[in-house]
Amino acid sequence: MARSDGLRSFEIRTYGCQMNMHDSERLAGLLEEAGYQRAEAGANPDVVVFNTCAVRENADNRLYGNLGHLLPVKNAHPGMQIAVGGCLAQKDRAVITARAPWVDVVFGTHNIGSLPAAPGARTGAAAGPGRDRSSRWSGSPPCCLPAASPPYSAWVAISVGCNNTCTFCIVPSLRGKEEDRRPGDVLAEIRALTAEGVLEVTLLGQNVNSYGAAFGDRQAFGKLLRACGGIDGLERVRFTSPHPRDFTDDVIDAMAQTPNVMPQLHMPLQSGSDAVLRAMRRAYRRDKYLAILDRVRAAMPGAAITTDIIVGFPGETERDFSATLDIVRQARFAGAFTFQYSVRAGTPAAAMDGQVPAEVVRERYERLAALVAETSLRENMLLAGREVEVLVADGEGRKDEATHRMSGRARDNRLVHFAPSGAAPRPGDIVTTVVTRGAPNYLIADGVPVAVRRTRGGDAWQARRAGQAGRAPVPVLLGMPARGRPA
Ligand code: SF4
């Protein structure tokens with residue numbers, strides 16, 4: 001239970017999308033501020049937090065299975081407390097309380113900030129099992145240094161919630177209307193992060209292009225990108241997710257004219273059929289989407305563009321699906337996260353006529369995945385011979401038999417596996433090398449000189465590693481890929 005140093009310990013298990021990963025970082029930071037420490041490897045923590053996802057299929061079964069496994073552990077360790085938060089908790093609070101009464105705290109997506117107080121409140125008479133003891137979060141998320149991200153890279157939320165009503169998405173009903181943080185708070189958080197050694201930030205919102213609507217500045221997102229350009233030590237700025245409906249030229253100009261904003265765009269398409277987009281309540285059409293890509297490429301010729309696509313939305317015909325294949329060919333995506341539509345209770349699409357049979361969805365999905373792989377391979381092969389600057393990553397896996405390779409992300413966010421030619425760089429350092437081969441999902445740089453630039457990010461990685469000798473690894477992340485639906 002308590003760590004060998006006598007401190008109370010915690011473990012966070014995260015499911016789902018990047019917003020949940022970010023929320024878990026906040027939770028970890030808040031728990032550490034409240035005096036908890038990460039559980040040591042193999043130890044039973046004093047507090048186990050499940051940060052759940054309602055988007056992913058079978059999320060609830062997995063949660064209840066894991067809660068069931070924890071019951072005998074908790075019985076053997078009476079001080080243990082279990083908290084369940086996130087989207088599924090927001091949606092199914094009563095069900096969780098009924099099915100797993102040994103859960104101590106259920107908290108929603110709006111009151112993460114008060115979680116550290118909740119476990120400590122357990123002994124109070126009013127703090128019965130399963131009770132949500134925390135008040136609704138209001139205002140900007142607290143500034144907290146991420147605890148689970150590598151120390152050279154961080155996520156920074158600029159907004160929470162979403163004003164759109166995409167019919168396949170549960171986010172609006174769970175996370176509520178969009179609330180924007182003030183630009184000054186966002187920039188202060190980024191400055192604090194860079195002071196700690198962070199080189200790269202990803203600005204995070206369900207729809208970053210509507211940032212500023214809440215405080216009456218429609219150009220706020222472009223201004224925020226430009227302001228990031230003035231932060232000392234901040235080398236890379238990314239963002240996710242943009243929405244084609246709200247994407248304006250001032251953002252493209254800001255991207256192109258701000259050197260530390262990376263030449264990369266991950267913009268969800270979801271379908272290439274206007275009829276399906278209409279049924280999804282996505283308020284743009286294929287021509288508008290393609291026109292944005294044209295303008296992005298005109299302003300940033302080397303930009304890598306990736307997307308999300310859902311296959312088999314209710315009512316999708318073979319002709320609609322062909323329109324999606326057609327736009328994938330035209331858009332020259334560097335990669336795409338592709339999803340097979342399946343019913344999500346609580347979404348408008350779940351009640352729509354024309355649900356597509358699962359075998360048809362699967363067959364279309366396989367055709368789409370093959371085309372995406374072919375397209376991204378072709379785009380990646382064009383990069384052979386190109387010099388790339390790579391931020392070395394901690395833990396992105398090597399590929400094939402070349403065990404000596406290290407990995408990292410190029411400026412355009414492509415994954416690069418490279419063979420160091422001299423002293424090995426540290427995660428968080430930046431190397432410059434030359435691409436020797438493109439593969440469907442990554443680039444290879446073998447047998448070429450690699451110039452290493454040691455950075456403050458590498459120093460921060462080294463310092464954290466030295467300080468964490470013997471500690472448990474960061475929580476294992478389960479579920480959706482890095483940039484998945486919804487967005
Ligand atoms: S898919 Fe994205 S834009 Fe649409 S409702 Fe969900 S979070 Fe909002």
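These legends describe several close-up views of a predicted model. Local features need pLDDT of at least 70 and side-chain atom pairs count only at pLDDT 80 or more, while totals for chains, interfaces and linings use all residues. Residues are numbered from 1 along each chain as its sequence is written.

**View 1. Strand β4 is buried on both faces.** Strands here are DSSP runs (E, at least two residues) and helices are DSSP runs (H or I, at least four), numbered from the N terminus. A residue is buried if 20 or more other C-beta atoms lie within 10 Å of its own, exposed if 12 or fewer, and partly exposed in between; C-beta atoms are placed from the backbone. Q81, A83 and G85 cover one side. I82, V84 and G86 cover the other. Two strands pair if DSSP finds at least two bridges between them. Strand β3 (residues 47-52) runs parallel to β4 and is joined to it by 6 bridges. Here V49 stands opposite A83. Strand β5 (residues 105-106) also pairs with β4 in the parallel sense, over 2 bridges. V84 has V106 of β5 as its bridge partner.

**View 2. Helix α12 has its buried residues along one face.** Helix α12 holds 14 residues, 318-331. At 1.5 Å a residue it should span 20 Å, and its end C-alpha atoms are 20 Å apart, which agrees. The expected span is 1.5 Å times one less than the number of residues. D320, F321, A323, T324, I327, V328 and A331 are the buried residues of α12. Seen down the helix axis, they fall within an arc of 150 degrees, so they line one face. That arc is taken from the directions from the helix axis to the C-beta atoms. E318, R319 and R329 are exposed on the other side of α12. The cover over the buried residues includes α10 (274-280), α11 (286-299), β12 (304-311) and α13 (358-381). Contact means that the C-beta atoms of two residues, placed from the backbone, lie within 7 Å.

**View 3. Strands β6, β9 and β10 form an open parallel sheet.** The strand order is β6-β9-β10. β6 (153-157) and β10 (236-240) are the edges, each with a single partner strand, so one side of each has no neighbour in the sheet. Neighbouring strands are turned by 25 degrees against each other on average, direction ignored. Axes are lines fitted to C-alpha atoms, for helices over the stretch in contact, and angles run from 0 to 180 degrees between N-to-C directions. Strand β9 (residues 200-204) pairs with β10 over 5 bridges. L203 stands opposite F239 of β10. Helix α7 (residues 183-195) packs on this sheet and touches β6 and β9. The direction of α7 makes about 165 degrees with that of β6.

**View 4. Strand β16 pairs with β15 and with β19.** β15 (residues 406-410) and β16 (residues 415-418) run antiparallel, joined by 4 bridges. R409 has L415 as its bridge partner in β16. The hairpin of β15 and β16 has 4 residues between the strands, and N413 takes a positive phi near 75 degrees there. β16 and β19 (residues 443-445) run parallel, with 3 bridges. F418 stands opposite A445 of β19.

**View 5. Helices α8 and α9 are roughly parallel to each other.** The axes of α8 (residues 220-228) and α9 (residues 249-257) come within 8 Å and cross at roughly 5 degrees. Angles under 35 degrees count as roughly parallel, over 145 as roughly antiparallel, 65 to 115 as roughly perpendicular and the rest as oblique. F221, G222, L225 and R226 of α8 meet D250, V251, D253, A254 and M255 of α9.

View 6. Most residues other than glycine have a negative phi, and most peptide bonds are trans. The bond from T240 to S241 is cis, with omega near -5 degrees. S241 sits in the loop between β10 and α9. Q270 has a positive phi, near 75 degrees. Q270 lies in the loop between β11 (264-266) and α10. It has 27 C-beta neighbours inside 10 Å, so Q270 counts as buried. R332 also has a positive phi, of about 50 degrees, although it is not a glycine. R332 lies in the loop between α12 and β13 (335-340). With 15 C-beta neighbours inside 10 Å, R332 counts as partly exposed.
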